[in-house]
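Please keep the model in view while reading.

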Amino acid sequence: MPDAAVLSIRNVSRSFGARRALADVSLDVRRGEMVALIGPSGSGKSTLLRAISGLLPIDSGEGRIEAFGGPVQANGRVSDRVREARIRIGFIFQQFNLVGRLSLFTNVALGSLGRIPMLRGVLGAWPAEINAAAMAALGRVGIAEYAGQRANTLSGGQQQRGAIARSLAMQPKVMLFDEVTSALDPELTGEVLKVIERLAADGMTMVLVTHEMAFARGIADQVMFMHHGKVHEIGAATILSSPATPELAQFVGTGL
């Protein structure tokens with residue numbers, strides 16, 4: 001792993017039948033970096049996030065995450081490190097995946113349980129450490145005042161921020177965002193992007209699949225453009241203004 005790299009992906013490939021979704025993809029993410037994955041639909045971006053997290057086995061190549069002493073998965077085999085690695089990777093999906101009938105606090109506290117091996121007390125009270133972690137996470141995303149509300153009564157932006165808080169409560173080393181604003185209107189999209197900006201300012205290591213090009217230009221340390229499962233370009237956000245390949249030139253020219 002390069003110096004200070006939290007995440008390293010080497011020559012990762014994955015096929016679904018005859019379709020090759022990832023083809024020899026490599027990526028290094030250093031501590032505190034935000035990497036934006038861009039590309040047309042079906043280019044392999046979401047597949048790569050699932051491979052990074054260990055949710056999707058890979059056919060070849062390897063994925064390493066800091067502090068696990070070796071690859072989480074390599075050449076089609078998932079190591080016994082993958083469970084702990086999944087706990088230390090925050091994954092925020094397009095859909096909020098909150099339990100609507102439970103309070104926002106409870107949804108976030110359930111995330112804390114992945115990190116702290118405690119169960120609720122016999123009187124139904126959360127242990128103090130879990131309570132503190134959940135409320136701190138809600139505070140970081142600016143919705144602590146809604147902790148007692150049922151998740152399904154909140155706006156889409158508030159629910160997505162709740163999903164981010166649930167991941168933060170697990171104290172992840174890396175956070176993965178898979179088009180987390182795609183189901184939101186422009187105003188709510190702005191709410192969520194401001195949270196991600198604050199996390200970047202706090203030094204959180206993040207990999208973000210996005211179609212928000214202005215956001216990627218303004219905040220990403222690296223931009224990786226994928227097309228047909230391959231990395232066509234990777235570099236600073238300036239590649240969006242000066243693409244080196246016709247594929248990226250066409251993509252940014254569409255205004256996506």
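A residue is called buried when its relative accessible area is under 20%, exposed when it is over 50%, and partly exposed in between. The structure discussed here is a predicted model. By that criterion helix H1 is mostly covered, since seven of its nine residues are buried. The buried positions are Lys45, Thr47, Leu48, Leu49, Ala51, Ile52 and Ser53. Just after H1, glycine 54 adopts a positive phi of about 85°.

Helix H1, residues 45-53, lies across S3, S7, S8, S9 and S10, and runs at about 150° to S8. Helix H5 (residues 156-168) also packs on the sheet, where it touches S7 and S8, its direction making about 170° with that of S7.

The sheet itself is open and has six strands in the order S7-S8-S9-S3-S10-S11, with mixed pairing. Its edges are formed by S7 (89-92) and S11 (230-235), each of which pairs on one side only. From one strand to the next, the twist averages 15°. Within this arrangement, S3 (residues 34-38) and S10 (residues 222-227) pair in the parallel sense over four bridges. Isoleucine 38 stands opposite phenylalanine 225 in S10.

The largest nonpolar core comprises 50 residues, and Ile164, Met175, Phe177, Ile196 and Leu199 have the most contacts inside it. Helix H6 (residues 186-201) supplies the largest share of this core, namely six residues. Apart from this core lies another, of 24 residues, among them Val6, Leu22, Ile58 and Val174. Which residues surround methionine 175, once its neighbours within four places in sequence are left aside? Methionine 175 is in contact with Gly90, Ile92, Ile164, Ser167, Leu168, Leu199, Met204, Thr205, Met206 and Val207.

Most residues other than glycine have a negative phi. Asparagine 97, although not a glycine, has a positive phi of about 60°. This asparagine 97 lies in the loop between S7 and helix H3 (104-112), and is partly exposed, with a relative accessible area of 46%. Histidine 228, likewise not a glycine, has a positive phi of about 55°. Histidine 228 is found in the loop between S10 and S11 and is exposed, at 60% relative accessible area.

Finally, a search of the whole structure finds five salt bridges. One of them joins arginine 10 to aspartate 28, with the closest N and O atoms 2.7 Å apart. This pair links distant parts of the chain, arginine 10 being in strand S1 (residues 5-16) and aspartate 28 in strand S2 (residues 19-30), 18 residues apart. Arginine 10 is partly exposed, at 32% relative accessible area, whereas aspartate 28 counts as buried at 19%.

Because aspartate 178 lies in strand S8 and arginine 50 in helix H1, the pair ties together parts that are 128 residues apart in sequence. Aspartate 178 is buried, with a relative accessible area of 2%, while arginine 50 is partly exposed at 27%.

Arginine 140 and aspartate 202 also meet in a salt bridge through their side chains (3.6 Å, N to O). Arginine 140 belongs to helix H4 (residues 128-140) and aspartate 202 to the loop between H6 and S9, so this pair ties together parts 62 residues apart in sequence. Here arginine 140 is partly exposed, at 37% relative accessible area, and aspartate 202 is exposed, at 56%.

Definitions and conventions. Residues numbered from 1 in each chain as written. Predicted model: local features only at pLDDT ≥ 70, side-chain atom pairs only at ≥ 80, totals over all residues. Heavy atoms only, no water. Pairing = 2+ DSSP bridges. Helix = DSSP H or I, 4+ residues; strand = E, 2+ residues; numbered from the N terminus. Axes fitted to C-alpha atoms, helices over the stretch in contact; angles between N-to-C directions. Contact = heavy atoms within 4.5 Å. Core = buried A, V, L, I, M, F, W, Y, C linked by side-chain atoms within 4.5 Å. Buried < 20%, exposed > 50% of the residue type's maximum accessible area, 1.4 Å probe, protein only. Salt bridge = Lys/Arg side-chain N within 4 Å of Asp/Glu carboxyl O.
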